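Q: Please take a close look at one part of this structure and describe how it is packed and what it touches.

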Protein chains: 2
Amino acid sequence: MSSRRIDLPLSEMPDKWYNIAPDLPRPLDPPLHPGTRQPIGPEDMAPIFPMGLLAQEMSSESWIEIPDEVRYAYQLYRPTPVYRAFELEKALDTPAHIYYKHEYVSPAGSHKPNTAIPQAYFNKLEGVKKISTETGAGQWGSALSMACRMFGLECEVFMVGVSYDQKPYRRVLMETWGATCHRSPSNLTNIGRRFLAEDPNHPGSLGIAITEALEVAVADESTKYSLGSVLNHVMLHQTVIGLEAMKQMELAGEYPDVVIGCFGGGSNFAGISFPFIRENLKSGKKTRIIAVEPKAAPTLTRGPYRYDFGDTGQMTPLLRMFTLGHGFVPAPIHAGGLRYHGSAPLASACLDQGLIEAVSYHQTACYDSAVLFARTESWVVAPETSHAVHAAVEEARKARETGEPKVILFNLSGHGILDLAGYEKYLSGQLEDYELPQEEIDKSLAAVPEV
Amino acid sequence: MSSRRIDLPLSEMPDKWYNIAPDLPRPLDPPLHPGTRQPIGPEDMAPIFPMGLLAQEMSSESWIEIPDEVRYAYQLYRPTPVYRAFELEKALDTPAHIYYKHEYVSPAGSHKPNTAIPQAYFNKLEGVKKISTETGAGQWGSALSMACRMFGLECEVFMVGVSYDQKPYRRVLMETWGATCHRSPSNLTNIGRRFLAEDPNHPGSLGIAITEALEVAVADESTKYSLGSVLNHVMLHQTVIGLEAMKQMELAGEYPDVVIGCFGGGSNFAGISFPFIRENLKSGKKTRIIAVEPKAAPTLTRGPYRYDFGDTGQMTPLLRMFTLGHGFVPAPIHAGGLRYHGSAPLASACLDQGLIEAVSYHQTACYDSAVLFARTESWVVAPETSHAVHAAVEEARKARETGEPKVILFNLSGHGILDLAGYEKYLSGQLEDYELPQEEIDKSLAAVPEV
């Protein structure tokens, strides 16, 4: 009988994270101060992040030790399994071998705890009492709520208003773990009050929610801020995914020709791919690395590579990244986690330096593949993850045409059990795609400062 | 670093199910024909179930081989992990060691696929094209939808009307796997039309839904019926849980003094406990085996042990079991899967013969423990499972009082990610308990036939 699942023993859980920064052919451009536009150092960000995380953010070490306390927490769901998608392969009649890494299994239902846990830990270590953050669809807010509880920290989440109204159960999940979740914009911050004055039912945006969370952190010395994607230390933490997957592919006796991750801010993509990019750079492997984004938020495929703010309120440092402009408001597609205007500087550098490829798909095509996946491999994936599934399906179809027995590995970043509204729309034929006119991107980019 | 998780390698997945029937000190009383009240044989049930399952239902073999096709499907999530609940123990300051078996990890989110998969398989083997079933809260309907898809069978689910209206996402999940889900009562059956004529918005009941599914199966030769609990072959399939757990406890170097499962129809309870009852019977072990039910449906703790129907419509055979009467309508507690009037004949015999204990708790007490569990062990459990968690917590508290370092194992039968409404009510202080007056039980039992 064929083995569908490749488990890694607990003893094989990585004890170091992989930092790609020092291995990049050209070094990363530094973050700039939002006011002075000069490169910033750890001290500039110390009011917001603990030094332990800032040291990782700026580190030039290739390997950074995972503390025992973090590995103990990871044991709840790590190492996660890798699966061979035999049933999907059969349905596609493809000679390709398709593997997926199963981050779905964490208590929060996605890869997000991989960074939420160490972020909570390093905050705790420095005496922080509370962490504030924003959340869009709710995956990140859930993961941080859970992680804060593990280390006895308070957690305050600003949830984008429209999601807060539409997804009450994400809020309940955060509250079950003991967090406080506010509808954003809220009357607890200056920026929140400003937007509420304009419209008492303001739908909110990720940009506003970030600024609210930052305001809360800056106002109170024992409170820090946490971000679930984009930053270097977040990418770092997520590399446990790819490091485990590499060992599991070895157990399977194969090496991937293609590695795929969906792309919003970049964290799950970095997690699965950075260790394989390292092999390309160090060992002469030629694995294709594909980032998959929605056509409704095509940061990597249609945005320029330039300095921009991480938030609408222009409070964050300027980061060099592929961006659609910090004022960009994507269409309300179901993959809420992929609706971000920017992209992780590390992933952006990889694209700029030709280490990765990027593709974009419409959401209905992604749901086609997600439903095919559910009906072959049984797992119901998150709308974000459906983009990775679809890219894997497309690669497998190409392999059928060419007869090439290629090995595909994708990251199953999260489950869709709290996002079944999208499946309902798809199954009832009501799901729509959004064409994004170039003028809309141009208009948004016009507001990005020249640096 | 302590190991929180005890994994079992894929190669250690059980290759046989355990049948407790031949090991019972007193043999099981036979099912009786609903009309003649005479013992029935496989041929009487052949229009409804395939012979492969009926052979298991009546088997006197202790061990029944698990087909390779079923083990291949089980690989998606089996062997499931066992966890040591270190964080819960700390919070309770107990000398007890608490372990839990993690059935949450299946694609359907509960232990139900353990029997859905072999049921679909044995139907497929005999040329069946479609399976009909009922579902209450939706766990069973989801699991069977998924399993039918695996073997290319159609699946038609009658979902209790009030749940269908309140839980649209359970329906979407079934549809994602390709099943058809009807609101019950429906206009597709005689009994459905009868109840709809009384009330076009009839809220439905499990009893009505069972009768509808049976009608559909009886009317079409290529359609069979499937039940997710109560029957002997269902208990049999679930024993993979306990068989794996026994090996995992051995790996942990401990043996449970107490084994706990929540109790509705009895299937997850049987799954975790029957292999340990076997050890009590064969090897002189003295493990206490505890079935935990809600005070709102106290079948084992307040019902008599007598023959009764499995459905309101009196279409099923009469089964000897603890029962509250086939017309009993439990209060609308959140643990929908525990709202059944009867109980598995095998589990009932175990209670009658003194092999197990039964306790009942109110739902708010169970949510107290479920929230404590979420805030220590991170997993958000199903409302049904919260009963097992609470019993484990109570046992651990007793151990603290007595100073006894007892080993507790409970079955984490499913996740609560699609049942967060109950947590919301609990967290906002709106959850209510239901006292069940004796007259209500007496009245319901008065309609049970004397046999």
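Predicted model: local features only at pLDDT ≥ 70, side-chain atom pairs only at ≥ 80, totals over all residues.

A: Contact here means that heavy atoms lie within 4.5 Å of each other.

From α6(B), the residues B:Gln139, B:Gly141, B:Ser142 and B:Ser145 take part, and they meet B:Arg170, B:Leu173 and B:Met174 of α8(B). Sorted by class, this contact comprises two nonpolar, four polar and one charged residues. Two packed helices are described by the angle between their axes and the distance between the axes.

Consider next the contact between the chains, to which 49 residues of chain B and 49 residues of chain A belong. About 4400 Å² is buried between chain B and chain A, with carbon and sulfur atoms giving 59% of that area. Two salt bridges are counted between these chains. In a salt bridge, the side chain of B:Arg171 meets that of A:Glu424 at 2.7 Å, N to O. Several helices of chain B each supply at least two residues to the side that touches chain A, among them α6 and α8. The most comes from α8(B), which gives six residues to this side of chain B. By class, the residues on that side are 29 nonpolar, eight polar and 12 charged.

Terms used: Residues numbered from 1 in each chain as written. Chains lettered and ligands numbered in written order. Heavy atoms only, no water. Helix = DSSP H or I, 4+ residues; strand = E, 2+ residues; numbered from the N terminus. Nonpolar A, V, L, I, M, F, W, Y, C, P; charged D, E, K, R; others polar. Buried area = accessible area lost by both parts, 1.4 Å probe. Salt bridge = Lys/Arg side-chain N within 4 Å of Asp/Glu carboxyl O.
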